[in-house]
Amino acid sequence: MEQPHDTPLVSIVINNFNYGRYLGDAIASALAQTHPRTEVVVVDDGSTDCSRDVIAGHGDRVIAVLKENGGQGSAVNAGFAACSGAIVNFLDADDLLEADAAARAAAALAADPGLSQWMAPLWMVDADGRPKGGILPGHPLPHGELGRRLLAFGPWAHQVVPTSGNFWSRAYLERVLPMPAERFRIGADEYLYSLAGLHGRIASDPRPAARYRCHGANAYWRAAAGLDDVVFDAAAFERIAATLAEHAARLGLQADPEAWTGRDWRQQVRRVVLNRAGRRPDRPAADAVLGAVWRDQTRPTRKAILFPAVAVLLAAPPGLAVGLGLRLLGRR
């Protein structure tokens with residue numbers, strides 16, 4: 001049936017690297033969208049497993065982009081170059097879209113040309129796709145004009161969702177892509193959602209749009225965050241903060257990355273844990289508080305982190321301990 005000319009094309013771009021065991025499910029969920037105009041692009045980033053056989057098995061129902069390994073940022077760049085949609089979703093190869101995700105996103109983005117991003121949370125499922133009984137994130141999602149908040153607090157100024165829960169306007173993506181591929185070999189979604197508020201409004205929907213598979217190897221999900229994860233996150237914050245400041249400058253906007261670091265409570269926790277009196281902290285105690293902070297991202301309350309946080313707060317100077325305590329209690 002011929003579709004109305006005003007029905008936007010939605011591109012679902014699946015980014016894959018050695019996730020052949022999950023890739024078929026991701027492709028099936030993309031092909032099963034109820035939105036009448038969709039295309040599915042599958043980018044394989046140099047996999048060495050069965051991934052390319054899985055892609056080939058879908059024939060011309062998908063647009064295949066087979067490339068050498070270059071990291072997530074390069075895969076996003078390649079997928080965007082290959083797609084044609086006015087609205088684009090970058091689906092992780094181990095996740096699954098809800099059947100109505102593209103339709104809901106398309107309706108919102110088509111209704112408001114000023115939107116750069118539409119986002120919705122994700123159901124948590126186990127490695128076999130069985131429900132785990134929760135959603136990511138557990139906090140309400142923001143919406144509206146968020147540019148001023150980004151400039152005041154930096155790239156982690158508001159709640160975000162993992163890659164698969166975001167749909168982007170092509171107009172926005174054309175302003176920021178291709179991204180610096182080497183800088184964003186991982187964390188390509190951070191690049192996209194940290195800049196979106198500078199280029200338009202954000203819309204959100206409380207109903208989950210995808211299923212996030214928790215299988216132990218995800219970059220976003222870990223049972224508990226240890227010191228290595230904290231070092232990684234600190235580097236990620238610095239990387240995306242520099243990128244946000246660069247884009248703000250191009251738009252003639254004032255940005256202060258040093259102030260962002262000072263205002264972000266997670267950076268203050270890391271400072272205490274990683275640099276107390278110039279020495280490494282006791283690893284079990286540090287892992288306890290950091291793991292609790294991480295797990296709290298999936299809950300609507302910060303109560304889970306209060307008791308293990310005492311180990312860190314007692315080690316901090318009095319003034320900093322008070323400031324950290326207020327932030328851990330949820331008073332930003």
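**Entry 1: the overall picture**

How many helices and strands make up the secondary structure of the chain? I found 13 helices and 11 strands. Here helices (H or I, at least four residues) and strands (E, at least two) are DSSP runs, numbered from the N terminus.

A note on the source: this is a predicted model, in which local features need pLDDT of at least 70, side-chain atom pairs count only at pLDDT 80 or more, and totals for chains, interfaces and linings use all residues. Residues are numbered from 1 along each chain as its sequence is written, and side-chain values use heavy atoms, with hydrogens and water left out.

I looked up the confidence next. Over residues 294-308 the pLDDT stays under 50. The model has 40 contacts for that stretch beyond four places in sequence (a contact means heavy atoms within 4.5 Å). Residues 328-332 are also below 50, and they have 18 contacts in the model beyond near neighbours in sequence.

Then I turned to burial. The chain has 332 residues, and 55% of them count as buried. Buried means under 20% relative accessible area, exposed means over 50%, and partly exposed is in between (1.4 Å probe, protein chains only). The chain exposes about 14700 Å², with carbon and sulfur atoms supplying 55% of it. Accessible areas come from the Shrake-Rupley method with a 1.4 Å probe, and for residues only the protein chains shown count as cover.

I also checked how far contacts reach along the sequence. Taking contacts between residues at least 6 apart in sequence, 76% join residues at least 24 apart.

What is the strand order in the open sheet of 7 strands? I wrote down 3-2-1-4-9-6-10, with mixed pairing. Two strands pair if DSSP finds at least two bridges between them. Strand 3 (63-67) and strand 10 (201-204) stand at the edges with a single partner strand each, so one side of each has no neighbour in the sheet. From one strand to the next, the twist averages 20°. Axes are lines fitted to C-alpha atoms, for helices over the stretch in contact, and angles run from 0 to 180 degrees between N-to-C directions.

I followed the pairings one by one. Strand 1 (residues 10-16) and strand 4 (residues 87-92) run parallel and are joined by 6 bridges. Val-13 has Phe-90 of strand 4 as its bridge partner. Strand 4 pairs with strand 9 in the antiparallel sense over 3 bridges, and Ile-87 stands opposite Ser-169 in strand 9. Strand 6 and strand 9 are antiparallel too, over 3 bridges; there, Trp-118 has Phe-167 of strand 9 as its bridge partner.

Helix 7 (residues 188-199) lies across strand 4, strand 6 (115-119), strand 9 (166-169) and strand 10. Helix 7 runs at about 135° to strand 6.

**Entry 2: two residues I zoomed in on**

Where is Phe-80 placed? Phe-80 sits in helix 3 (residues 72-82). With a relative accessible area of 9%, Phe-80 is buried. Beyond residues up to four places away in sequence, Phe-80 touches Val-88, Phe-90, Arg-170, Leu-173, Glu-174 and Leu-177. Ser-11 is 69 residues from Phe-80 in sequence, yet 8.8 Å away in space, C-alpha to C-alpha.

Lys-67 is in strand 3. Is Lys-67 buried or exposed? Lys-67 is buried, at 18% relative accessible area. Leaving aside neighbours within four places in sequence, its contacts include Asp-44, Asp-45, Ser-74 and Ala-78.

**Entry 3: the sheet of 4 strands**

The open sheet of 4 strands has the order 5-11-7-8, again with mixed pairing. Strand 7 (residues 122-126) pairs with strand 8 in the antiparallel sense over 3 bridges. Val-125 has Pro-131 of strand 8 as its bridge partner.

**Entry 4: cysteines**

How many disulfides does a search of the whole structure find? I noted 0 (a disulfide is a pair of cysteine sulfur atoms within 2.5 Å). Cys-50 is partly exposed at 38% relative accessible area, whereas Cys-83 is buried at 4%.

Key
pLDDT = per-residue confidence, 0-100.
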